[in-house]
Amino acid sequence: MESNDTLRHQGLRKRLVDGLKIKGIRDELVLAAIGKVPRHLFMDSGFINFAYKDQAFPIGAGQTISQPYTVACQSQLLKIEKNDKVLEVGTGSGYQAAVLVEMGASVFTVERQKELYNKVHRFLPSIGYTPACFFGDGYNGLPDFAPFDKIIVTAGATTVPQTLKTQLKIGGRMVIPVGNNNKQEMYVVIRISENEYKIEKRGKFLFVPMLKGVVNS
Ligand code: SAH
């Protein structure tokens with residue numbers, strides 16, 4: 001990895017982190033992780049010069065790598081503590097998963113598009129990140145590995161899926177954008193007891209939609 005992560009990239013990352021601080025990101029674990037993960041390696045080579053701009057970009061299969069500010073916000077809202085067991089729905093490029101691993105979480109990530117899953121589950125270990133990667137429909141969560149301390153959904157859902165709520169530990173937090181295709185509101189769903197959940201709303205975002213089923217090609 002070293003040869004592909006130059007001083008120039010490191011300098012650009014530092015500026016990205018400074019920008020995120022100005023935009024209100026305070027969690028030191030989040031800032032340190034974004035300062036470390038080589039985002040340019042997650043993008044198609046045609047977009048490599050844009051890797052450290054605070055923007056979303058195409059990653060193939062009609063999907064996008066989330067904007068760094070969005071990754072930072074969701075990661076901060078999760079209130080990650082070392083060794084937290086985290087489920088991510090929507091692996092995409094694998095960037096968000098790498099940030100969570102860098103923050104010390106034990107990460108389980110699910111993607112519904114075979115093409116993206118195939119690429120990412122080989123790529124991440126090649127740069128030193130080893131979350132558990134799964135191909136499947138995130139609406140089902142990962143019952144075999146539940147419950148989770150934290151759940152992050154990186155695609156826009158129309159409602160909070162009941163299955164995911166039940167896979168949260170009591171006291172656990174789920175960060176999920178909820179809305180329609182044009183705009184979502186970031187929800188933090190906290191499981192207070194076996195049957196009680198509290199929802200906090202944390203601003204408007206735009207995600208690709210969370211879709212049912214899998215795409216096998
Ligand atoms: N976390 C990603 C963001 C990817 S965009 C990153 O850091 O790059 C959202 C991703 O969610 C897309 O790859 C999309 O295919 C996936 N997705 C949408 N609905 C899903 C579902 N039901 N289960 C799993 N993945 C889903």
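Which element gives the largest share of the shell around the ligand? S2 does, with three residues.

1. Basis. This is a predicted model: local features need pLDDT of at least 70, side-chain atom pairs count only at pLDDT 80 or more, and totals for chains, interfaces and linings use all residues. Residues are numbered from 1 along each chain as its sequence is written, and side-chain values use heavy atoms, with hydrogens and water left out.

2. The shell. The ligand is surrounded by 27 residues (one of a residue's heavy atoms lies within 4 Å of the ligand). The closest are Glu88, Ser93, Glu111, Gly138 and Leu211. Eleven shell residues are nonpolar, twelve polar and four charged (Ala, Val, Leu, Ile, Met, Phe, Trp, Tyr, Cys and Pro count as nonpolar, Asp, Glu, Lys and Arg as charged, and the others, Gly among them, as polar).

3. Polar contacts (pairs of N or O atoms within 3.5 Å). A polar backbone atom of leucine 211 is 2.7 Å from a ligand nitrogen. For threonine 154, a polar side-chain atom lies 3.1 Å from a nitrogen atom of the ligand. Arginine 112 has a polar backbone atom 3.3 Å from a ligand nitrogen.

4. Cover. Alone, the ligand exposes 580 Å², and the protein buries 99% of that (Shrake-Rupley method, 1.4 Å probe).

5. Elements (DSSP runs, numbered from the N terminus: helices are H or I, at least four residues; strands are E, at least two). Strands S2 (63-65), S3 (85-89) and S4 (106-111) and helix H4 (95-102) each give two or more residues to the ligand shell.

6. A hairpin. S8 and S9 form one, with five residues between them. Strand S8 (residues 184-191) and strand S9 (residues 197-205) pair in the antiparallel sense over seven bridges (pairing needs at least two DSSP bridges). Glutamine 184 has phenylalanine 205 in S9 as its bridge partner.

Terms used. A polar contact is a pair of N or O atoms within 3.5 Å; within protein, one must be able to donate a hydrogen and the other to accept it, and residues adjacent in sequence count only if both atoms are side-chain atoms.
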